[in-house]
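Hello,

I am handing over the structure we spoke about. Please open it alongside this email.

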Amino acid sequence: MTQPPWKAWYKLARWRALRLRIFLRDLYTCQRKGCGRVEPNTSLLVCDHVIPHRGDEHLFWDDGNLQTLCKACHDSAKQAEEQASLHTRGVWD
């Protein structure tokens, strides 16, 4: 099975630079309401798309659609929200 083209965007230098800019903008602080964890170790942070991009290049690269989340918030609460709403938005391409 062929991977969708947007998967490769995460490997680009452009994404790595944007990710670090978002972490700096957000002061390495989880933006999830009620968390606010400050995490200087960027391997424990996720540059998260507020609105899932679903392959939309504009949403993928839009600074205003990105936020810093600690890995714990991203991998639990955020993923549960996205999975629960798949039926209303369609599936990943």
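Predicted model: local features only at pLDDT ≥ 70, side-chain atom pairs only at ≥ 80, totals over all residues.

**Strands**

Start with strand 2, residues 66-70. The strand is mostly covered, with 5 of its 5 residues buried. Leu66, Thr68 and Cys70 point one way. Gln67 and Leu69 point the other way. Both sets are buried.

What does strand 2 pair with? Its partner is strand 1, residues 45-49. The two run antiparallel, and 5 bridges join them. For a place to look, take Cys47: its bridge partner in strand 2 is Thr68. Thr68 is also one of the buried residues that point the same way as Leu66 and Cys70.

**Two loop residues with positive phi**

Leu27 sits in the loop between helix 2 (13-25) and strand 1. Its phi is near 55°, a positive value in a residue other than glycine. Is Leu27 buried or exposed? Its relative accessibility is 60%, so Leu27 counts as exposed. The cut-off for exposed is over 50%.

Arg54 lies in the loop between strand 1 and helix 3 (57-61). Arg54 is not a glycine either, yet its phi is positive, at about 50°. Its relative accessibility is 14%, so Arg54 counts as buried. Buried means under 20%.

**Aromatic rings**

How many aromatic pairs are there? The count comes to 8. Take Trp6 and Tyr10 as an example. Their ring centres are 6.4 Å apart and their planes are at 75°, so this pair is edge-to-face. The cut-off for edge-to-face is over 60 degrees. Trp6 is buried, with a relative accessible area of 10%. Tyr10 has 32% relative accessibility, so Tyr10 counts as partly exposed.

Phe60 and Trp61 form another pair. Here the ring centres are 4.8 Å apart and the planes are again at 75°, so this pair is edge-to-face too. Phe60 and Trp61 are both buried.

Which residues do the ring pairs link into a cluster? They are Trp6, Trp9, Tyr10, Trp15, Phe60 and Trp61.

Trp61 has one further contact to look at. The charged end of Arg14 sits over its ring, 3.9 Å from the ring centre.

Best wishes

Key
Residues numbered from 1 in each chain as written. Heavy atoms only, no water. Buried < 20%, exposed > 50% of the residue type's maximum accessible area, 1.4 Å probe, protein only. Helix = DSSP H or I, 4+ residues; strand = E, 2+ residues; numbered from the N terminus. Pairing = 2+ DSSP bridges. Phe/Tyr/Trp six-rings, centres within 6.5 Å; stacked < 30°, edge-to-face > 60°. Lys NZ or Arg CZ within 6 Å of the ring centre and 35° of its normal.
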